[in-house]
Amino acid sequence: MKIELRDIYKSFSEKEVLHGISFSVETGKALGLLGRNGAGKTTTIRIIMGLFNADSGEILLDGRKFRPKDHKIGYLPEERGLYPKKKVLEQLVYLGQLRGFTRKEAKESALYWLERLGVEEYKNSRLETLSKGNQQKVQIAQTFLCDPDIVILDEPFSGLDPVNAQILKDIIRELIGKNKLLIFSSHQMGYVEEFCEEIALIDKGKIVLTGNLRNIKREYGMNRLAISSASIPLEDLRNILNNSLSHIIRVVEKKKNFLVIELINNNTKDELLKALSDLELDIERFTVYEPTLEDIFVMKVGES
Amino acid sequence: MRGLYTVFRFELTGMLKSKAFKVSTIVVCLMLIIGLSIPSIINVFSSKENDIFGEGTVGEEAQQAYGYINKNNAVPNIEDLKSSFTLGRLIEFNSEEKLKESILSGEIEAGFIIESPTEYKYMVKNNEMIDSKVSFFREALAKAYRIYELGEMGISYPDVEHIIYPNIQQDTVILGKDSARNYIYTYILIFIIYFVIVVYGQMIATSVASEKSNRAMELLITSTDSSNLIFGKVLGTALAGAIQVGIVLIVAMISYRLNAGSWGNRLDFIFDIPLDVILIFSVFGILGYVFYAFIFGALGALVSRTEDVSSSATSITIIFVAVFLMSFYSMYNIESILLKVLSFVPFSSFIAMFIRVSMGTVHIVEVLVSLVILVLSTILVGMFASRIYRLGTLMYGNPVKLSRAIRLMREK
């Protein structure tokens with residue numbers, strides 16, 4: 001199964017918020033939809049879910065028009081919410097039935113997920129009486145209630161404590177293992193790096209970067225190197241490099257234990273190595289730098 | 001259809017299980033049971049069976065004493081005056097001082113000092129705003145005067161009394177319906193419709209708005225069609241309301257039937273509602289209720305917080321109250337053109353047509369035409385509400401005006 005977004009445009013009150021969003025995602029490969037707050041992630045997800053209609057563009061599933069109502073979708077909206085005054089099990093069964101389960105199936109599935117998430121004891125409590133963390137778990141339970149083939153999670157980790165985040169991580173891994181199609185949006189890069197093979201980076205309503213995460217990292221790390229010295233503090237090292245080697249490299253940033261530098265003017269690593277040895281800097285680390293997703297993110301959208 | 005049924009069932013059971021529903025139904029039923037059983041309860045404790053409405057009620061007052069002074073024997077036939085004064089016993093006093101003292105001490109209720117056959121002074125401790133004692137005495141004094149003066153002329157008063165107050169018999173043959181008789185139950189039934197629509201309409205609007213404010217909406221709308229959600233909600237809540245009204249009416253009927261003897265069948269005119277009236281009430285009432293419920297539901301979707309519901313629903317509430325008042329005042333003139341027009345307009349036909357059928361005679365064709373108009377408009381309003389609902393559900397922030405929502409709907 002493959003979902004493909006092609007050139008999605010969307011305006012609200014004459015203000016265009018999405019300017020031609022395109023990306024694709026396949027089963028068994030999770031897609032991380034990245035972007036700053038207000039970049040257009042939730043709007044994109046809501047268009048996929050059919051909550052909003054796109055002004056133009058199309059969403060295809062294996063080449064045909066995608067109709068969310070025809071598929072079993074597990075959806076965790078950014079705006080978390082259920083009925084605070086209703087009992088936990090009662091509302092999960094209701095949602096299960098709305099998504100096509102019989103009452104019995106819905107109840108069995110709801111109990112399975114409540115147990116799996118460790119909140120089974122609250123099944124007959126009103127939702128509002130549960131702690132915030134446990135309410136989140138009920139939300140997660142509703143997402144997976146109907147054994148979905150497509151899972152769309154909008155900021156799934158926001159507001160989760162480390163223990164609950166771990167539970168959700170395990171579930172997500174399991175879903176990927178079961179070849180489900182998974183899209184999840186986040187501005188927390190760590191989680192995306194953990195699960196997603198593919199990413200789509202949205203900035204101000206535009207896709208600024210999309211593709212396989214490993215390839216992207218390789219590409220972005222291509223001309224970059226990590227360097228440090230055993231005896232010279234990083235700040236001094238930066239000054240020396242800036243003063244002496246500015247025709248070969250550019251110092252990109254200072255990390256905790258090393259500097260990230262970039263080769264310029266088509267210089268090679270060998271040339272740099274020679275120049276460095278002339279400077280006698282007591283080099284401790286000299287290696288190809290693989291950027292983190294956060295680096296790529298900041299690089300693409302940070303300066304704007 | 002399955003989605004619709006699921007929503008319908010969820011809303012209905014949610015409503016029936018809610019404390020507000022249970023408590024209000026029980027309280028109203030208890031009030032009716034107790035209220036309608038009062039005569040029977042009194043009978044149990046009273047020695048005079050089945051006579052609480054009889055003359056006995058004035059018995060206590062009959063024991064009350066009033067004083068009088070017949071100055072210079074101004075009224076020669078004082079016994080006639082005494083027997084004509086039905087309010088209480090009249091006791092003669094000799095001096096104004098003694099009369100005053102007795103009034104102040106509360107021994108007697110009030111005093112009358114007769115100056116001449118047609119002139120007296122009324123003496124009372126505290127003057128009440130509406131004092132009927134005076135009229136009783138004045139009537140008695142006038143009668144004593146008539147008896148005496150006619151006697152002087154040699155005419156027997158009882159003979160003249162028959163001439164002055166002839167006993168006129170009247171029989172009314174009603175060919176259509178008796179508005180006077182049907183007035184009370186029509187009045188009660190339209191009040192019931194009024195309250196049910198106002199109360200349940202607000203409840204539906206609040207329920208929609210709260211699904212938005214607690215953010216359940218996004219999950220609901222991605223789980224099933226928006227039309228299932230609003231139709232299920234409106235129909236579920238409508239049935240809950242109909243069940244409540246049904247329970248209350250049945251409890252009232254049974255309570256009255258069980259106590260009818262004690263009431264001396266005095267309330268038959270309220271409870272003997274003809275079947276056709278009940279049928280029209282149910283059909284038109286439920287349709288009108290659903291018609292308004294859809295509008296309230298759509299308006300609820302245009303606000304994001306439950307606090308904003310009442311302001312959003314103001315316009316429709318004003319229309320509804322205006323329609324109700326117009327129909328209500330037309331009850332005094334059921335053949336008016338206004339009521340006829342109102343009985344075909346879907347905003348008002350459920351009350352106006354019901355009034356016409358209940359209190360007058362309406363051709364079946366007119367009823368059917370009005371019914372068809374109401375059914376079609378209810379379906380249209382339902383479809384319209386479903387679109388407004390879908391549009392409004394994800395519009396958070398400030399309340400959206402209906403006019404703007406319609407404009408947005410057209411743009412799409």
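In the predicted model, helix α2 (residues 88–98) and helix α3 (residues 103–116) of chain A have axes that come within 8 Å and cross at roughly 125°. Axes are lines fitted to C-alpha atoms, for helices over the stretch in contact, with angles from 0 to 180 degrees between N-to-C directions; helices are DSSP runs (H or I, at least four residues) numbered from the N terminus. α2(A) and α3(A) are therefore oblique to each other, the class left after roughly parallel (under 35 degrees), roughly antiparallel (over 145) and roughly perpendicular (65 to 115). Their crossing is right-handed, the near helix being turned clockwise from the far one by less than a right angle.

Residues are in contact if their C-beta atoms, placed from the backbone, lie within 7 Å. L89(A), L92(A), V93(A), G96(A) and Q97(A) of α2(A) meet R103(A), E105(A), A106(A), K107(A), S109(A) and A110(A) of α3(A). This contact has five nonpolar, three polar and three charged residues (nonpolar: Ala, Val, Leu, Ile, Met, Phe, Trp, Tyr, Cys, Pro; charged: Asp, Glu, Lys, Arg; polar: the others, Gly among them).

In chain B, the axes of helix α14 (residues 314–330) and helix α16 (residues 349–359) come within 9 Å and cross at roughly 10°, which makes α14(B) roughly parallel to α16(B). V323(B), F324(B), S327(B) and S330(B) in α14(B) meet I351(B), A352(B) and I355(B) in α16(B); five of these residues are nonpolar, two polar and none charged.

Residues are numbered from 1 along each chain as its sequence is written, and chains are lettered from A and ligands numbered from 1 in written order. Local features need pLDDT of at least 70 and side-chain atom pairs count only at pLDDT 80 or more, whereas totals for chains, interfaces and linings use all residues.

How values were computed
Helices (H or I, at least four residues) and strands (E, at least two) are DSSP runs, numbered from the N terminus. Two residues are in contact if their C-beta atoms, placed from the backbone, lie within 7 Å.
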